[in-house]
Amino acid sequence: MDYNFHWRPVFRQLPDLFEAGLLTLEVAILSMILGIVLGLVLALLRINGPRPLRWIANIWVELARNTPALFQLFFFGFGLGAFGLHLTPYLIVLLGLSFNNAGYLAENFRGGFLAVPDTQFRAARSLGMTASQTYIRIIIPQVLRIVYHPMTNQMVWAVLMSSLGMLVGFRELSGETQFFASKTYRIFEYFAVTAVIYYVVVKIILIGSKLAARRLFKY
Amino acid sequence: MIEIKQLHKYFGKLHVLQGIDLNVNKGEVLSIIGSSGSGKSTLLYCINGLEPIQQGQITVDGIPVHEPKTDINKLRQKLGMVFQQWNSFPHLTALENVALAPKIVRKMSKDAAKTIAEKQLRHVGLGDKLDVYPSALSGGQQQRLAIARALAMEPEYMLFDEATSALDPELVGEVLDTMRLLAEEGMTMICVTHEMSFARDVSDRVAYFHQGHMEEVGPPAQIFGDPQSPHTRKFLASVR
């Protein structure tokens, strides 16, 4: 084996990689926020929404969970493109990831809602709370605790999945790495360093989530 | 006053309440006894509008419970309810459990809600558990917490749905004592119960329910001492 490692060009590009890393984080966080909101709506629709909306929610969840995430990105890129709707790479990745997150989270939320006993709802209503007060003050806080760890997993998943963005021309961490790697032919070095960056980002998310859980859930 | 007139309630085809007529006066303690499935718990759920009714009328202080025009959330502030399963809110401390509804339903200030919550928790003997989460309380304590939570709304009526039947036997006493205390203070109470001694000692009147009918209602001495209906006699013989 006569491969010589050259790390210097990689280290020279580190600021660019970090910047791309922030973009990765940004798109992951935004896709989680959208995913949580949409996932909550999907879960409630699946539990007791009117029929046509319930079907749409079911189809959404089925597609998001049972097709490759890459194909979902391609749909927002090339699929919509075929109909003349050309989104920027950023939007393609954001919408693709949000679609996927919402599908997975909806299933988690649905399980969470079903795990909170009916009697909690009745007790709150018997105190004169409205249905929405009951959801906001009593039901959703309990659901959030149940889905907290699955939600953290989904966040990690979103960070890692955003690397698919490089296949639709998005210069997030992986796209940026690919760009420099092909310019310098230091492919192994670039991707090794990027893998470390991913690893550190994910670790920070996991530790942060653990610390936050300790503050949030005292019961 | 709670007035129930010709109340009929169905669950699908099942005719659970078959023409109930019953008035409960202010300051009165009424116990409802009867075997499971006789419709007694359903009656409580109907009184505070948690269950729709199919025929007849229930009014609380003249306000019809099931009229669409009635502000049911406002009416429920008059009607405290305690359930068989002690539904404490697990994500809130004892104090927060009790203070929440005064704050968001009665729109009290944070401090005022806290004050009333503390007062009611002391009232039921949980003055030393203010900052404890329900998971650290026994079943009996959680049920007393549920009573305090209902009382903090300063209701005029309290509905107890088999408040002790999910408890371990050694915890029943503390909850019954709390209910006795309320009765002595003059609270108007409707208690669906399997505790015959409570029904006999504490109530002003006892009603016996059998298969969706109110078979018999009267002072405890009459119901327990000289029951008129053969069903009542049979039931009392079986629980003695």
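Visitor: What radius of gyration does chain B have, and what does the globule rule give?
Guide: The radius of gyration is taken over C-alpha atoms, and the globule rule is 2.2 Å times the number of residues to the power 0.38. This is a predicted model. With 240 residues, the rule for a compact globule gives a value near 18 Å. Chain B agrees, because its radius of gyration is 18 Å.

Visitor: How many helices and strands does chain B have, and what box do its C-alpha atoms fill?
Guide: The secondary structure of chain B comes to nine helices and 10 strands. Along the principal axes, its C-alpha atoms fill a box of roughly 55 × 45 × 30 Å.

Visitor: What percentage of the residues in chain B is buried?
Guide: A residue is buried if 20 or more other C-beta atoms lie within 10 Å of its own. Of the 240 residues in chain B, the buried ones make up 46%.

Visitor: What span should helix 9 of chain A have, and how far apart are its ends?
Guide: Helix 9 of chain A covers residues 187–216, which is 30 residues. At 1.5 Å a residue, helix 9 should span 44 Å. The end C-alpha atoms agree with that, at 43 Å apart.

Visitor: Which residues of helix 9 of chain A are buried?
Guide: What covers them includes helix 1, helix 2, helix 7 and helix 8 of chain A. The buried residues are Tyr190(A), Thr194(A) and Tyr198(A).

Visitor: Which elements give two or more residues to the side of chain A that touches chain B?
Guide: The contact takes 18 residues from chain A and 21 residues from chain B. Those giving two or more on the chain A side are helix 6 (118–126) and helix 7 (131–161).

Key. Residues are numbered from 1 along each chain as its sequence is written. Chains are lettered from A and ligands numbered from 1 in the order in which they are written. This is a predicted model: local features need pLDDT of at least 70, side-chain atom pairs count only at pLDDT 80 or more; totals for chains, interfaces and linings use all residues. Two residues are in contact if their C-beta atoms, placed from the backbone, lie within 7 Å. Helices (H or I, at least four residues) and strands (E, at least two) are DSSP runs, numbered from the N terminus. A residue is buried if 20 or more other C-beta atoms lie within 10 Å of its own, exposed if 12 or fewer, and partly exposed in between; C-beta atoms are placed from the backbone. The expected span of a helix is 1.5 Å times one less than its number of residues.
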